[in-house]
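Visitor: I am new to this structure. Could you show it to me and take a few questions?

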Amino acid sequence: MSKTIKKCFYEKLTFEKMLEANKRARIGKVKKKEVIIFEMDLETNIIRIIDEIKNANYHFGEYRSFVVYEPKERLIKSLPYRDRVVHQWYVEEFIKPYFFKRFIKDTYACLDERGTHSAVNAIQKKMRSMKKKYYNYYVLKCDIRKYFYSINKKILLEILKNKISDKKLLEFSKVILDDGEEIGIPIGNFTSQYFANIYLNELDHYIKEQLKVKNYVRYMDDFVLLVPKKEEAKRLLVLIKEFLNKKLQLELNSKSKYFLNKNGIDFCGYRIFETHILLRKRFKNKIKKKIKLWKHLIDNNKFIYSKFLLSVNSCKGHASHCNSHNFIKKFDKQINELINNIDDKEK
């Protein structure tokens with residue numbers, strides 16, 4: 001494996017690759033006004049993007065900001081569509097082929113053929129191994145305090161510099177990162193989730209190679225370590241805090257702690273035990289709120305069946321990956337009652 005990314009920027013700055021980026025960026029957005037306008041003169045717009053990047057005068061547009069409240073309150077920033085095409089190109093041509101191979105096998109976010117369910121299965125497999133070997137063991141469960149808002153761009157650029165020797169690619173990486181703020185990367189940018197993964201790849205290698213922790217799994221800024229003794233969990237927590245603070249200028253969330261395995265592990269939307277996996281209470285409470293909302297929409301003739309069906313399938317899909325037979329049975333009954341209510345109103 002080459003230690004650095006060498007001259008490749010202009011090789012990948014082609015009409016064909018930018019056209020492919022547009023095809024990815026438009027998925028699920030083909031009816032949006034800005035996508036339609038961009039594609040009305042697609043060839044000219046792509047050529048203009050390429051020329052601006054080649055001449056080092058590409059400027060990203062202004063962010064549109066909005067707040068979401070599920071699963072928690074977060075500020076989301078969204079760039080104009082043409083910029084999202086460029087982000088797609090950058091990630092597909094440089095991040096995925098050159099950085100993914102540097103990630104450890106125990107990290108699961110934003111990686112092809114990995115994801116939340118793979119992370120859950122991996123941690124349960126490690127739990128079963130620890131249970132067989134030690135019976136009782138300790139879980140060190142951590143997450144980063146306000147992670148995306150805390151990433152230091154100077155440190156991130158230094159990490160990128162260690163891997164990128166192509167000067168044009170490095171300069172364009174700076175342009176992508178420059179949003180007027182020294183600290184934090186925007187939640188909502190397609191590149192942000194990949195930069196965030198690259199940033200904590202430093203922690204992954206520290207834990208695996210220097211701390212020699214075998215049983216470790218990370219999904220974005222949530223990570224779990226399994227160790228035989230309480231004293232080891234306590235020691236590792238101190239060392240990880242020091243590394244994050246000194247190397248990456250990050251802090252652990254106050255909820256980060258160690259505990260006995262009998263309590264199970266709350267991770268990636270599930271409550272995981274060696275013998276079974278359960279839904280989180282927060283997910284069940286979310287479903288209760290959804291059902292109340294659907295009832296309200298039906299009563300006020302504002303119910304949209306297509307959105308309802310997508311949400312139902314999403315909820316059942318999540319529940320199907322754990323031991324949730326009783327929950328799904330009860331949920332199906334509630335959904336059938338809602339559908340019958342709709343039919344009664346239409347008669």
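Visitor: How many bridges pair strand 3 with strand 5?
Guide: First, a note: this is a predicted model. Strand 3 covers residues 138-143, and strand 5 covers residues 222-227. They pair in the antiparallel sense. The number of bridges is six.

Visitor: In strand 5, which residue is the bridge partner of Val139?
Guide: Look across the pairing of strand 3 and strand 5, which is antiparallel. The bridge partner of Val139 there is Leu226.

Visitor: Which strands stand at the edges of the open sheet of four strands?
Guide: The strand order is 4-5-3-6, with antiparallel pairing. Each edge strand has a single partner strand, so one side of each is left without a neighbour in the sheet. The edges are strand 4 (216-219) and strand 6 (257-260).

Visitor: What is the average twist in that sheet, from one strand to the next?
Guide: Follow the order 4-5-3-6. From one strand to the next, the twist averages 20°.

Visitor: What angle does the direction of helix 10 make with that of strand 4?
Guide: Helix 10 spans residues 190-210 and packs on the sheet. It touches strand 4 and strand 5. Its direction makes an angle with that of strand 4 of about 175°.

Visitor: Is helix 3 roughly parallel or roughly perpendicular to helix 4?
Guide: The axes of helix 3 (residues 33-40) and helix 4 (residues 42-54) come within 5 Å. They cross at roughly 90°. Angles of 65 to 115 degrees share one label. That makes helix 3, relative to helix 4, roughly perpendicular.

Visitor: How many nonpolar residues are in the contact of helix 3 with helix 4?
Guide: Ile37, Phe38, Glu39 and Met40 in helix 3 meet Leu42, Asn45, Ile46 and Ile49 in helix 4. One residue of the contact is polar and one is charged. The nonpolar residues number six.

Visitor: Is Ser78 buried or exposed?
Guide: Ser78 lies in strand 2 (residues 74-78). Its relative accessibility is 15%. The cut-off is under 20%. Ser78 therefore counts as buried.

Visitor: Which side chain makes a polar contact with the side chain of Ser78?
Guide: Ser78 touches several residues, including Glu62, Tyr63 and Phe66. The polar contact between side chains has a distance of 3.5 Å. The partner is Arg84.

Visitor: Which helix packs on the open sheet of three strands?
Guide: That sheet has the order 7-8-9, with antiparallel pairing. The helix touches strand 7, strand 8 and strand 9. Its direction makes about 15° with that of strand 8. It is helix 6 (residues 116-134).

Conventions. Residues are numbered from 1 along each chain as its sequence is written. This is a predicted model: local features need pLDDT of at least 70, side-chain atom pairs count only at pLDDT 80 or more; totals for chains, interfaces and linings use all residues. Side-chain values use heavy atoms; hydrogens and water are left out. Two strands pair if DSSP finds at least two bridges between them. Helices (H or I, at least four residues) and strands (E, at least two) are DSSP runs, numbered from the N terminus. Axes are lines fitted to C-alpha atoms, for helices over the stretch in contact, and angles run from 0 to 180 degrees between N-to-C directions. Contact means heavy atoms within 4.5 Å. Angles under 35 degrees count as roughly parallel, over 145 as roughly antiparallel, 65 to 115 as roughly perpendicular and the rest as oblique. Ala, Val, Leu, Ile, Met, Phe, Trp, Tyr, Cys and Pro count as nonpolar, Asp, Glu, Lys and Arg as charged, and the others, Gly among them, as polar. Buried means under 20% relative accessible area, exposed over 50%, partly exposed in between (1.4 Å probe, protein chains only). A polar contact is a pair of N or O atoms within 3.5 Å; within protein, one must be able to donate a hydrogen and the other to accept it, and residues adjacent in sequence count only if both atoms are side-chain atoms. Lists of a residue's contacts leave out its neighbours within four places in sequence.
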